[in-house]
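Please find below a colleague's note on the structure under review.

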Amino acid sequence: MAVVTSIWAEPANTPTALLLLGRGTDPASERGVDCPGDLPAPSDPDLVARATAAKAALGDRVFVLGHHYQRDEVIQFADVTGDSFRLAQQAAARPDAEFIVFCGVHFMAESADILTTAAQRVILPDLAAGCSMADMAVLGQVQTAWEHFEDLGIADDVVPVTYMNSSADIKGFVGRNQGVVCTSSNAKRALTWAFEHGSKVFFLPDQHLGRNTAVLEMGFDLDDCVLYDPHKPGGGLTDDQLRDARVILWRGHCSVHGRFTVDSVREVRERVPGVNVLVHPECRHDVVRAADQVGSTEYIIRALDAASAGSSWAVGTELNLVRRLALAHPDKQIMFLDRTVCYCSTMNRIDLPHLVWALEELVAGRVPNQITVDGDTARYARVALDQMLALA
Ligand code: SF4
């Protein structure tokens, strides 16, 4: 086996100080809500034992899902780990579990509620664990855009496609308008399907996934894509621009993946000769073009599993996952693409104190932080989700 001497090194300024521990409200955050519980102290040395005991007491009544971007202290209690789509599937595949504790962010828990039975309860240990990208597309704004398309006479040509990373409201809107949900793994298939049903796609909320898929995987030009800014009248576009566009991209992005730059790629290539740059398609278009490989979270995990010993990789995705992959593959040099910290702060809202609190509440017979999607929204969101599942 090749010996690699420099494996994981924490980026400069890595800071647990950045990680919000969920006490108090944060009006600027996605949900701006307080955790109603009496949380254990983060420094409590008994937290692991308390989580273990509470989980054991609940037995098969509880199923804990852990997204790849979660902290290690939380992931160790997950019954299954995965990306948002895999976790939603896993939740749906466990109809006997009374409680689904979702260690992820709000839109994921909503999808789990939509895909599970009415008897199951989905719990998000900290309600402030939102997603800044999902919150960049608000239903009222999207409806305003659609009405504008109707006024222009183009709505019948437009098929809406929303990334999994969107609220249930937006998925419901897409289902009502004969569209489809996609993930970063199947975005090309979803766009291909959409273009079989219309001549334009309205892609929500991640402009980068939409642009990267349309241009790099489907052969569209950048000029075929326009950017709809919900904060400007008419999206900041002329009527002719909207009529001519093939792909109308919503002006949303991931604040984590949006931090990577072409300079990050150039810098790591200079520092590590022969390095392979592997990025997520939520990264900016110029960054994806500068990288060697692009793929979803699950793709990144498979690529690093399959990489040869001694190879070097700079990975552009969330830091918790990159760190875990580096530690899991000591025979490969796996590093974070950027020198600065890039945790997803809302994913990190779910910490061990919140998980312990949620599990202990369930043991005590109380259901904390239940996530529910209203029936009408859930029904139409399910139409769009089922359409995605039906894609070949
Ligand atoms: S990494 Fe980006 S898309 Fe994922 S939850 Fe965080 S902000 Fe949202």
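1. **Overall composition.** The model is predicted, and this should be kept in mind throughout. The protein contains 15 helices and 13 strands. Of its 392 residues, 58% are buried. Among the contacts with a separation of 6 or more, 68% link residues 24 or more positions apart.

2. **The sheet formed by β1 to β4.** Four strands make up an open sheet in the order β2-β1-β3-β4, with parallel pairing. Its edges are β2 (80–82) and β4 (121–123), each of which pairs on one side only. From one strand to the next, the twist averages 25 degrees. Strand β1 (residues 62–67) runs parallel to β2 and is joined to β2 by three bridges. Within this pair, G66 of the sheet stands opposite T81 in β2. Helix α3 (residues 84–92) lies across β1, β2 and β3 (99–103), and runs at about 145 degrees to β2.

3. **The sheet formed by β10 to β13.** A further open sheet of four strands has the order β11-β10-β12-β13, again with parallel pairing. Here the edge strands are β11 (293–294) and β13 (333–336), each pairing on one side only. Strands β10 (residues 276–279) and β12 (residues 312–316) are paired in the parallel sense over four bridges, and L278 stands opposite V315 in β12.

4. **Helices on the β10 to β13 sheet.** Helix α10 (residues 262–271) lies across β10, β12 and β13 and runs at about 150 degrees to β10. Helix α12 (residues 297–306) also packs on the sheet, where α12 touches β10, β11, β12 and β13. The direction of α12 makes about 155 degrees with that of β10.

5. **Strand β7.** How many of the five residues of strand β7 (residues 200–204) are buried? Five of the five are, so the strand is largely enclosed by the rest of the structure. In a regular strand, side chains alternate between the two faces of the sheet. Both faces of β7 are covered, with K200, F202 and L204 buried on one side and V201 and F203 buried on the other. Strand β5 (residues 158–163) runs parallel to β7 and is joined to β7 by five bridges; in this pair, P160 has F202 as its bridge partner. Strand β9 (residues 247–250) is likewise parallel to β7, with three bridges between them, and F203 stands opposite L249 in β9.

6. **Helix α13.** Helix α13 (residues 319–328) is mostly covered, eight of its 10 residues being buried.

7. **Residue T297.** T297 is placed in helix α12. Is T297 buried or exposed? Its relative accessibility is 4%, which is under the 20% cut-off, and T297 therefore counts as buried. The side chains of T297 and Y69 are joined by a polar contact of 3.3 Å. Beyond its neighbours within four places in sequence, T297 is in contact with H68, Y69, D83, S184, H280 and L321.

8. **Residue N177.** N177 is placed in the loop between α6 (168–176) and β6 (180–182). N177 and W146 are 31 residues apart in sequence, while their C-alpha atoms are 9.8 Å apart in space. Residues up to four places away in sequence not being counted, N177 touches W146 and P160. P160 is the residue whose bridge partner in β7 is F202.

9. Which residues lie around the ligand? They are Y69, V105, C131, S132, M133, N165, C254, V256, E282, C344 and M347. The shell divides into eight nonpolar residues, two polar and one charged. Y69, listed here around the ligand, is also the residue whose side chain makes the polar contact with that of T297.

Terms used: Residues are numbered from 1 along each chain as its sequence is written. This is a predicted model: local features need pLDDT of at least 70, side-chain atom pairs count only at pLDDT 80 or more; totals for chains, interfaces and linings use all residues. Side-chain values use heavy atoms; hydrogens and water are left out. A residue is near a molecule or strand if one of its heavy atoms lies within 4 Å of it. Ala, Val, Leu, Ile, Met, Phe, Trp, Tyr, Cys and Pro count as nonpolar, Asp, Glu, Lys and Arg as charged, and the others, Gly among them, as polar. Two strands pair if DSSP finds at least two bridges between them. Helices (H or I, at least four residues) and strands (E, at least two) are DSSP runs, numbered from the N terminus. Axes are lines fitted to C-alpha atoms, for helices over the stretch in contact, and angles run from 0 to 180 degrees between N-to-C directions. Contact means heavy atoms within 4.5 Å. Buried means under 20% relative accessible area, exposed over 50%, partly exposed in between (1.4 Å probe, protein chains only). A polar contact is a pair of N or O atoms within 3.5 Å; within protein, one must be able to donate a hydrogen and the other to accept it, and residues adjacent in sequence count only if both atoms are side-chain atoms.
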